[in-house]
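I opened the model today to look up a few local features. My entries follow the order in which I checked them.

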Amino acid sequence: MSLGINFNTNSACNWRCVYCQVNNLTLGAAPAIDFALLEQELRYFLNDLLHGDFYDRFGVEADRRVIKDIAIAGDGEPTTLKQFAEAIELIGSIATDMGVFPNSDFVLITNGSLMHQAKVQQGLEALNRYGGQVWYKFDSATEAGRRRFNNASLSCQASYTNLLVSARLCTTKVQTCLFDFDRQGLTEQEKTAYLELLRKIKADSAAQQIAITQIMLYTVARQSKQPEADRISALPAAVLHALADEIRALGFDVSVSI
Ligand code: SF4
């Protein structure tokens with residue numbers, strides 16, 4: 001069981017990735033959070049999992065009745081929430097109080113674009129205190145690719161700086177979505193730039209005593225809800241595995257999700 005918490009109930013994000021599966025995605029930030037409601041819902045659901053009949057109701061097999069993680073992964077960028085740090089603290093304290101942490105993971109899935117903000121850094125400090133981890137989106141190491149795939153104005157260099165900020169504050173894994181856009185496959189230009197980025201991560205993280213060791217590759221599994229949907233398809237597994245081997249040769253742990 002991965003329990004997802006969605007801060008972006010208004011489907012608002014500060015990026016517009018062409019593969020995004022959020023319905024009616026809009027440009028913007030998460031709305032203000034109702035902390036009393038968050039606490040009530042989280043306690044109710046965790047209680048149902050831990051002590052109720054949730055698994056029976058949904059026919060979950062006995063060996064799969066485990067809370068793998070609580071993941072902040074919503075319909076938009078979660079760090080756009082104004083009360084981000086307070087929300088992370090509240091979730092961490094409730095899950096600890098109910099005996100879920102530290103046995104289960106606490107995951108923040110983010111595009112990393114707001115890591116320079118104090119409230120986001122405070123949230124990562126709290127996440128770290130609860131043994132959490134950041135899955136940091138880095139789909140392209142070229143400026144053209146970032147504009148094309150993510151519609152992101154954040155430069156590659158700024159995203160890289162933010163990645164190091166994240167890794168200084170909390171365990172951080174790089175998460176990369178690779179896909180076929182306009183039947184171009186994984187272009188040599190994208191691949192070369194991405195591997196160069198990883199070499200830089202290796203060198204800089206060693207010099208600054210930051211640990212960025214894990215790379216998670218995946219491709220699109222479901223239909224995009226963006227206008228570009230027809231131009232996008234999954235990359236063949238062989239392409240992902242071949243790239244994973246090249247990344248392993250640089251000294252990283254790599255996982256591939258197809
Ligand atoms: S960062 Fe995530 S939520 Fe935002 S557009 Fe990209 S895939 Fe969608």
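**Sheet**

I started with the sheet: seven strands form an open, parallel sheet in the order β1-β4-β5-β6-β7-β9-β11. β1 (2–5) and β11 (253–257) are the edge strands, each with a single partner, so one side of each has no neighbour in the sheet. On average, neighbouring strands are turned by 25 degrees against each other, direction ignored. The model is predicted: local features need pLDDT of at least 70 and side-chain atom pairs count only at pLDDT 80 or more, while totals for chains, interfaces and linings use all residues. Residues are numbered from 1 along each chain as its sequence is written.

I noted the terms. Helices (H or I, at least four residues) and strands (E, at least two) are DSSP runs, numbered from the N terminus. Two strands pair if DSSP finds at least two bridges between them. Axes are lines fitted to C-alpha atoms, for helices over the stretch in contact, and angles run from 0 to 180 degrees between N-to-C directions.

Next I looked at one pair inside the sheet. β5 (residues 105–110) and β6 (residues 133–137) pair in the parallel sense over four bridges. T110 stands opposite Y136 in β6.

**Helices**

I then checked how α4 (residues 118–129) packs on α6 (residues 156–169): the angle is about 35 degrees and the axes are 9 Å apart. Which residues meet? Q121, L124, E125 and N128 in α4 meet V165, S166 and L169 in α6 (contact: C-beta atoms, placed from the backbone, within 7 Å). I sorted these residues into three nonpolar, three polar and one charged (Ala, Val, Leu, Ile, Met, Phe, Trp, Tyr, Cys and Pro count as nonpolar, Asp, Glu, Lys and Arg as charged, the others, Gly among them, as polar).

Just after α8, I found G251 with a positive phi of about 105 degrees.

**Ligand shell**

Around the ligand I listed C13, W15, R16, C17, C20, V22, L25, G76, E77 and N111 (C-beta atom, placed from the backbone, within 6 Å). This shell divides into six nonpolar, two polar and two charged residues.

Most residues other than glycine have a negative phi, and most peptide bonds are trans. I looked for exceptions. S11 has a positive phi of about 55 degrees and is not a glycine. S11 lies in the loop between β1 and β2 (12–13). A cis peptide bond joins F101 and P102, with omega about 10 degrees. P102 is in the loop between α3 (84–97) and β5.

Methods:
Contact = placed C-beta atoms within 7 Å.
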